[in-house]
Amino acid sequence: MKKVLLFGLLMFTTLVMSAQVVVKGVVTAGDDGLPMVGASVFEKGTLNGTVTDVDGNYTISVRDAKAILVFSSIGFRTVEIPVGNRAVIDQILEVDSQLIDEVVVMGYSSKTRGEITSAVTTVSADKLKDVVSNNIGDMLQGKVAGVTVVKDSGRPGAEPSIRIRGASSLHASQEPLYVVDGIIGGSYDPDDVESVTVLKDAGATGMYGAQANGGVIVVTTKKAKTNKLQFNFKANVGLITPDFSRQQLMNTKQLYTYYREYFRDPETHLVDDFAFKTALPASILENDTDWRSLIMQNAMLQNYHFSVMGKNDWYSGYLSFSYYKEDGTIRNTDYTQVNVRSNNTINLTKWLTLTANLDVSGNMGSGTDDNLVYYVGENIPFDSPYGPDGNYRSFKESKLYGRYDVNPMIGFESGKDVRNNKGFGTDLDFVVTAKLAPWLSFVSQSRASVGFWHSHNHRFAEVEYMKAGDEVEDSMSYSYGGISTNMFKADKTFGKHSLAGLVGYEAQMTWSNDLTGYGEGLPLGFDLSVLNVASANMKAAGNRVSSGMNSVISQVNYSYDKRYFLTASLRYDESSTFAPGHRGATFPSVSGAWAINNEPFFHSDIITNLKLKASWGKTGMKDIGPSKYLERFEYSTQYDSHSAAVPVQMANRELKWEETSQFNVGAELGITDRVSIDLNYYRNVTDDLLVYRDLPPTGGFSNQWQNLGSVLNTGFEAALSVTPVKTSELRWDVDFSISYNSNRLFNLGEGVQFIQSNYRSLSQIYRDGVEMYTWYLREYAGVDPQTGREQFVAEDGSLTYDYASARFVEAGSPNIPWQGGISTQLTWKNFKLSANGSFVWGNTLYGRNRASRLATFVSNSLMPSNEDKIWRQPGDQATIGLPAYALASVYHTGDLVKGNYFKLRNVTLSYTLPKSLTKNTGITIALSCDNVFTGTTVWGADPEVSMSADSGVAGMIESLDNRYPNKRQYNLQVNFTF
Amino acid sequence: MKKIFKYFLIMVAGAGLMTSCDLNIVPEDSLTGQQMTQSPTGIVDILNGCYAVMKDHPENSNSNNWYGRQFYQMSDFSSDDVVYGHATTDELNMIFKFEERHAGLSNVASFWAQSYKIIYSTNVALDVISEDANPSDETKSLHGEALFLKAYVMHSLVRFYAKPYKEATAANEPGLVIRENGSDAEPKGRASLKETYDYIVNCLLDAEKLMDVDVDRSQSRCFASIGAVRALLSRVYLYMGNWDKSIEYATKVINDPNYEIASATEFADYFKSTWTSKETIWCLKMLPQDDKGSGSVASMIMKADGCWGEEGYSEPLLEDMGRGTSLENDDVRWTFVCDVNTKNGLDLIPCSKLSWQDGKPTLFSPPFLRVTEMYLNRAEAYAHKGDKANAVKDVNEVRRHRMTANVDAHLYTEADVTGDPVDFVLKEKRVEFAFEAHRFFDLMRNDKDIVRDYWGYHTIYTAGQSTAGKPAMDAVGVYTRHDDTRLVFPIPSKEIDNNPNCEQNPGY
């Protein structure tokens, strides 16, 4: 009957409208597989259209089979589908991060992408989540032009360091500022993140004034999108293996042959095989211990995330729970993180909205004593950890070829050397938004945070260790703080003019207390290890630190006819970091854009977006720790149990903000929906650099905080997104980004230079005209082919064996000039294959691992590279000299290496089960691998190294024993949405 | 209802806008110099801080780089008393290897910086105390203590970083950068060696007058006292070649009933609690919580838990101690000689002298001045003056207190002293003060060359190499003339780079 009716209806419409076709179907979202409400379906070139209902259904009548249906929805890529002979067209809409109308969260305010006037990059959740990690930094690696993410450790839970647009400070913090859900600071779980916006120039970061020199990362957590209650469950299991990059260790046979060189006579150049065999009998070869493999393991990763969200007229809520557990590739190490988030928004009245977001997180980590790992690294394959009975033997009384009388395996195996820590943190955000008039609202947003951290270390006497006996140490810190921002926001349109702005006041304060207790003499033979049971040498220490800042913020946005955009902001900050009189600073910014494609004269079906933008502004940095301007006699020690005060800091009452003036010009180009290009050039000048400057120690202090000199960072960034193939079933996207940064110091003054050595005499020079962190080392001239001795270049250019009279030269810097990333995604029906990688090119690193290998008799078994050659007789062109003459603890240009690398960060293959099988449940299965491959010029170590001078030497590759190896990760992920 | 909300909103807004932080935040574990010097207890705390700097490293958590360890290593590892038994990346390597010394060494820089930090503290205290028109006895004593600490630290510096004092040339040789007061911090050149020594002596002479008061603080051997001032005067005059003054001050201390040379039985345990013995004039008290473990003074030379044990007694030192003779049994100083520990084919003989306070192998309160030195200072001064009889008498006084048996058999007569009587005294001092940071200075100021004709990593020895026979005298590191430029430590590059007026020592 129905069919008859339908037939009749078709006949009727055909008669009336001549050859009309009815098409229907379901529109679903590509990210979660759920039906889309309110998506629009148009017939191309007509006004004929409809929207989808609550279940995503639509029905539309089109002219004929040649008609093209246009499916669109805000935040999703528009798709055009020819109708052909089909009566049912189910369409999946993919999330699009490049759409002009996309809302970009900028922190204090939000803008649509079309209104943006500054250098801003947004990365949506689906692009972040290919990498499985407990932090956003790992996920951003290689995905944003101009952003350097460096992770030099594979320790479970370790977080990378992030630099935006080059090194802008010598000794103040360079980490970007995090803003979570519009409020400075805060914590979040990566699984709860909806999008991340990276603010790169002052046009955008100027609003954050004194905290924004390192750029700003704005994190937005998830909110309900539809009225339908939506559940999501993600389960991820992974296998982690250690990744040593190009590092290989020698086995007994290789090392034995290598050690023979130590018996080469410096006079005769012959090896004294008698002495060699006497000292190192061939029986050594019977043992071959791969020490590293004894403590390394393949480890498990588990990550589960469950969320539910939904909304109605008066309430919108999101609730999630996540669990992340990562075991370490070094035994006895792991990290666990649990997070609960509850985002709630209540529309109390038409004009009043309350938001209360709660984030509770806890983490636990177990570690192992770094010294035990160090001992393992220093041990050589000649020595066996086992005694004749097959158990781990004590090294205290054994004959050893290695250096240490410590068998670290006793500690590893017994579980009697415990290092663990626990952290707990809660953020409560409370936001009141009141619409006072159609054009005016008042927003009060506040966050209260509490953090608690505890570490417990103990070692029982039976663990072999340099220091005998047992000990226990507990540290706790408790911190709390708050920030409150209160602002009026206005937004009004007059004809083609539209004007928006905000003005407000912000206050923030943090307090932190810490406490450490230490004791020895734990009860023998029992597993008691709390501080109470210690019986000897008890020590306690504790301190309290606080800091605060008051700010006034303001911003104006103006646009005309969606063609001209102008944004100006002004912020005033006052911080407790500096002395009265130097606490306040003003940070202005102005930026503008011209959307050429919206001009009446501009007609193009091909160019869909063409925009020019420019910005200028100031940001600052104050993160050097509290009270650095004060003279300080510190009471943290004692003498013979009497109070004792030690001068630890020299006063500098003139100390003030480090300020960066940033200039940015950029262009955006969109060609159809296939190609988009974003180009930016910037020129950033940081003045009054906060420098912990060396002083002549005879004045009583070795350093003082000063404002000294300027640094110029200039560079460009290019991002290109291309969709070479796009059909209804097959789609291929490629994103490519590249950036160049050049760094130069100036304004230090004529003849002023300072040389900084943060690790022994490994020094870096600072003077006008050079790059920051430029290596300043004695000049190495290779191994003398005649004698096998290492040579240096003396002051007069002649060659010398005397290290002390070698001249110092400037020899490159670890600053990264060229870097970039490439990612690609291939979608075919329900399959998706993606990969992303990043590269670094042109920096110079110091290889401490290399230095210790070439020094004689520092026992480790790192394999020389293929390019290395050992000197054996006069005339040999060698890289490794005669051991008898080898120098230890010398720092010269011979140990500098190029830091170039390419890393394939991730490959993922995923498959979404067809709807027909799963009914209303969206199920996606993904297989992925993180840190797939590294190609590098660096031998013997992972080329990703720390770039901060405040916590060590920028650009030093740590020796093999002092670094937690990187990891490779294989993941299986299943995602359910219903 | 709506009105209530609006009212509520205005309240929230008002409260929010009024919230502002008090930005006057100061550290809660420290005070400014100005705050401290307003109170006498503050000045005491600053002076206590001077001792604390000698036992801690105030700016670097790397506990290896502390004043005491660097003092002992820079001195003894430069001498002919110690075998370097294991190559290391620790910069103590360059203490042994003179030819590899350079201005960038962090241990040499650390000793320099910490010494001047102490000088700064004493200056801050002195600036205030010297303003006091009517000082109490306590204040006078503190004044003297500050002067003593400044003089002690300066004398230790000048011994490392300048040539030995010679009356004829001292006015033309560079000495130290002298920091006169708490605001004297700008770049400044080095005073002459003569000016430096005169400055030290003047500080001590003033201190002697000021400390001639009866206060509780200076009763403790852990703090400065008039005895310590006089003992240091005896030492400084000896270094200046002013024999009469050295004898005068040594005698003053020897005659002071507060001090008494330890008997042989006492001496065996003396180093376990130096602050309790009348042997001690001044020691740096280390509490159990100050134990530096593997970064301790003992660590490199002792074989025990927590010790690296990579260095040991040299053959010539053991010869001078009477190896193979009855002295091995009779001389209490042999009790510190431990069993052989073989490393890399080298027979290392560890030393337990600087260990075992509170039963801990790495804990020890260094006696920077002890009364036995006064006997040997006096003996050396007599020897220089040609008074062999008195020199032998003082040396015998020391030996009488070091023999557990057959005392008389081990005493000398004038006839026993066949060579230079100065060498005779120096031999006794070498044995008595082995590993106590005297030998290197004693050689330097007496123009004695350093001869290290034994195997160790100061030579071009490699692991496992045969140690039969001695290394050739012309081999690297074996024979070093006393006037070799590398025996004077470099002024640290941090000073040179930031203080253009400061002159570097020759050869760096």
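## A walk through chains A and B

Start by selecting helix H14(B), which is mostly covered: 13 of its 15 residues are buried (a residue is buried if 20 or more other C-beta atoms, placed from the backbone, lie within 10 Å of its own, exposed if 12 or fewer, and partly exposed in between). Before you go on, note that this is a predicted model, in which local features need pLDDT of at least 70, side-chain atom pairs count only at pLDDT 80 or more, and totals for chains, interfaces and linings use all residues. Residues are numbered from 1 along each chain as its sequence is written, while chains are lettered from A and ligands numbered from 1 in the order in which they are written.

Helices (H or I, at least four residues) and strands (E, at least two) are DSSP runs, numbered from the N terminus. H14(B) covers residues 371-385, and its end C-alpha atoms are 22 Å apart; this agrees with the 21 Å that its 15 residues should span at 1.5 Å a residue (the expected span is 1.5 Å times one less than the number of residues). Step past the helix to Gly386(B), where phi is positive, near 90°.

**Where the chains meet**

Now show both chains. Chain B brings 78 residues to the contact and chain A brings 84 (two residues are in contact if their C-beta atoms, placed from the backbone, lie within 7 Å). Among the elements giving two or more residues on the chain B side are helix H1 (2-18), strand E1 (30-31) and helix H3 (40-55). Select H6(B) too: with eight residues, it gives the most to that side.

Next, pick strand E30 of chain A (residues 632-639), which runs antiparallel to E1(B) and is joined to it by two bridges (strands pair if DSSP finds at least two bridges between them). Here Glu634(A) stands opposite Ser30(B).

Move to strand E50(A), residues 922-936, which pairs in the antiparallel sense with E49(A), residues 901-912, over 11 bridges. E50(A) also pairs with E52(A), residues 966-977, antiparallel over nine bridges. Click on Ile925(A) in E50(A): Tyr911(A) stands opposite it, and in E52(A) its bridge partner is Val974(A).

**Zoom out**

Finally, view chain A whole. It has 11 helices and 52 strands. Its radius of gyration is 32 Å, close to the 30 Å that the globule rule gives for 978 residues, so chain A is as compact as a globular protein of that length (the radius is taken over C-alpha atoms, and the rule is 2.2 Å times the number of residues to the power 0.38). The C-alpha trace spans about 110 × 65 × 65 Å along its principal axes.
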